Amino acid sequence: MSTWSDDARADRLKVLWGQGKSASEVARIVSVEFGVAVTRNSVLSRVHRWGLPLRITGRKRSASTFLPASAQQPKAKPLPTTPAPEPSAEFAVSTLDLAPGQCKWPLNDGRPQWLHCGAQADDGPYCEFHARKSRGAGSLGERAAALTR
Ligand SMILES: [Zn+2]
């Protein structure tokens, strides 16, 4: 780790920078001449700290690298249609007490016994809340896309 305590090194950097060398070029030259590891970032931080004039250096990024801000905005998430509230744990029932039409969503890790949601399951094994949870968020198309990744 360079401390830049060596004035000669600092002067050399300023000279090289003044000659219009890029930060990576300055770093490489100073590293070789002084036998120390100098990174491009440390050169840039020195330039900044010393208030040396900044330049546009190095490769120019192609315009295609930058997308317009509008293209980077994440798409608004579709609003859930009337999200069902999570059923109260007061409905929780053990596996043996689970009756037909009760939500089978497991609420614990099975110790000492499995407890299930137990709320009314209108269609399928789960109540509306847990049916939605079992499918995950997003539209049918978004979920299908996630599965193909
Ligand atoms: Zn449930």
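H2 is followed by Gly35, whose phi is positive, near 65°. Here, helices (H or I, at least four residues) and strands (E, at least two) are DSSP runs, numbered from the N terminus. Keep in mind that this is a predicted model: local features need pLDDT of at least 70, side-chain atom pairs count only at pLDDT 80 or more, and totals for chains, interfaces and linings use all residues. Residue numbers start from 1 along each chain, as its sequence is written.

**The whole chain**
- The protein chain holds 6 helices and 2 strands.
- Read from the N terminus, the elements go α-α-α-α-β-β-α-α.
- Of the chain's 149 residues, 14% count as buried. A residue is buried if 20 or more other C-beta atoms lie within 10 Å of its own, exposed if 12 or fewer, and partly exposed in between, with C-beta atoms placed from the backbone.
- Take the contacts between residues at least 6 apart in sequence: 34% of them join residues at least 24 apart. Two residues are in contact if their C-beta atoms, placed from the backbone, lie within 7 Å.

**The cores**
- The largest nonpolar core is made of 9 residues: Leu13, Leu16, Trp17, Ala23, Val26, Ala27, Val30, Val38 and Val43. A nonpolar core is a set of buried Ala, Val, Leu, Ile, Met, Phe, Trp, Tyr and Cys residues joined through C-beta atoms within 7 Å.
- Helix H1 (7-18) and helix H2 (23-34) each put at least two residues into this core, and the largest share, 4 residues, comes from H2.
- Apart from this core lies another one, of 7 residues, among them Trp105, Cys117, Ala119 and Tyr126.
- Back in the core with 9 residues, Val26 touches Leu13, Leu16, Trp17, Lys21 and Val43, not counting residues up to four places away in sequence.

**Helix H1**
- H1 has 12 residues and reaches 16 Å from its first C-alpha to its last, close to the 16 Å expected at 1.5 Å a residue. That expected span is 1.5 Å times one less than the number of residues.
- Its buried residues are Leu13, Leu16 and Trp17. Seen down the axis of H1, they fall within an arc of 100°, so they line one face of the helix. The arc is that of the directions from the helix axis to the C-beta atoms.
- On the face turned away from that buried side sit the exposed residues Asp7, Ala8, Asp11, Val15 and Gly18.
- The buried residues of H1 pack against H2 and helix H3 (40-50).
- Just after H1, Gly20 takes a positive phi of about 90°.

- In H2, the buried residues are Ala23, Val26, Ala27 and Val30. These also fall within an arc of 100° when seen down the axis of H2, so they line one face of the helix.
- What covers them includes H1 and H3.
- The axes of H1 and H2 come within 10 Å and cross at roughly 145°. Axes are lines fitted to C-alpha atoms, for helices over the stretch in contact, and angles run from 0 to 180 degrees between N-to-C directions.
- Arg9, Arg12, Leu13, Leu16 and Trp17 in H1 meet Val26, Ile29, Val30, Glu33 and Phe34 in H2.

**Phe91**
- Phe91 lies in the loop between helix H4 (69-72) and strand S1 (93-94).
- Phe91 is partly exposed, with 16 other C-beta atoms within 10 Å.
- Leaving aside neighbours within four places in sequence, Phe91 is in contact with Cys117, Gly118 and Ala119.
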